[in-house]
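The sequence and structure are shown first, and the description follows.

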Amino acid sequence: RETHTSFDQPVNKELMREQRLKEHSLPDYAPLKGRHNNYGFDPEEQARETYTGMGLDINVHDQWAVESLGAIQDRTQEHLGKTDIAIIRYRRQLRAAIAAVKEGREA
């Protein structure tokens with residue numbers, strides 16, 4: 001059975017490898033774009049070609065989305081108010097689900 005990247009064309013593995021190696025260095029397969037070079041952001045490209053200005057490789061966009069958030073914040077000392085009720089309820093539901101899974105129940 002053929003695997004497809006579109007509805008009518010089989011995967012071109014050689015082309016996929018060629019494209020991937022344009023964005024990574026060997027032998028460690030490290031991304032060439034990252035925080036160290038602003039993910040290859042190009043304002044000219046953004047103005048004329050792509051929305052993000054970071055090339056066409058969706059993996060670079062994903063990498064940016066994950067890494068650009070920064071460190072995980074310590075929320076233990078924050079003071080939520082009445083307007084934060086949705087956040088409060090969600091966190092309670094999340095803690096209840098975690099407890100249920102720990103106890104072997106369905107969340």
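A polar contact is a pair of N or O atoms within 3.5 Å; within protein, one atom must be able to donate a hydrogen and the other to accept it, and residues adjacent in sequence count only if both atoms are side-chain atoms. Helices (H or I, at least four residues) and strands (E, at least two) are DSSP runs numbered from the N terminus. The model is predicted, and local features need pLDDT of at least 70, side-chain atom pairs count only at pLDDT 80 or more, and totals for chains, interfaces and linings use all residues. Residues are numbered from 1 along each chain as its sequence is written, and side-chain values use heavy atoms, with hydrogens and water left out.

Aspartate 57 caps the N-terminal end of α3, placing a side-chain oxygen 2.9 Å from the backbone nitrogen of asparagine 59. Which residues of α3 are buried? They are Val60, His61 and Gln63, where buried means under 20% relative accessible area, exposed over 50% and partly exposed in between (1.4 Å probe, protein chains only). Seen down the axis of α3, these buried residues fall within an arc of 160°, so they line one face of the helix; the arc is that of the directions from the helix axis to the C-beta atoms. Ile58 and Val66, on the other side of α3, are exposed. Strand β2 is included in what covers the buried residues of α3, contact being taken as heavy atoms within 4.5 Å.

Threonine 50 is placed in the loop between α2 and α3 (58-67). Its relative accessible area is 10%, and threonine 50 is therefore buried. Its side chain makes a polar contact of 2.7 Å with the side chain of glutamate 45 and reaches the backbone nitrogen of glycine 53 at 2.9 Å. When neighbours within four places in sequence are set aside, threonine 50 is in contact with Glu45, Gly55 and Leu56. Glycine 53 also has a spatial relation to proline 43: the two are 10 residues apart in sequence, with their C-alpha atoms 5.9 Å apart. Proline 43 belongs to helix α2 and is partly exposed, with a relative accessible area of 48%.

**Backbone geometry in the loops**

Most residues other than glycine have a negative phi, and most peptide bonds are trans. In this model the peptide bond from leucine 26 to proline 27 is cis, with omega near 10°. Proline 27 lies in the loop between β1 (24-25) and β2 (30-31). Tyrosine 29 is in the loop between β1 and β2, and its phi is positive, near 60°. Asparagine 38, in the loop between β2 and α2 (43-48), likewise has a positive phi, near 55°. Tyrosine 29 counts as partly exposed at 40% relative accessibility, and asparagine 38 counts as partly exposed at 46%.

**Salt bridges**

How many salt bridges does a search of the whole structure find? The search finds 6, a salt bridge being a side-chain nitrogen of Lys or Arg within 4 Å of a carboxyl oxygen of Asp or Glu.

| Lysine 33 | Glutamate 23 | 3.7 Å |

The salt bridge between lysine 33 and glutamate 23 links distant parts of the chain, with lysine 33 in the loop between β2 and α2 and glutamate 23 in the loop between α1 and β1, 10 residues apart. Lysine 33 counts as buried at 18% relative accessibility, and glutamate 23 counts as buried at 15%. By contrast, glutamate 49 counts as exposed at 52% and arginine 48 counts as exposed at 59%.

Because arginine 91 lies in helix α4 and glutamate 78 in the loop between α3 and α4, the pair ties together parts that are 13 residues apart in sequence. Arginine 91 is partly exposed, with a relative accessible area of 26%, and glutamate 78 is partly exposed, with 28%. Salt bridges with shared partners join Arg75, Glu78 and Arg91 into one network.
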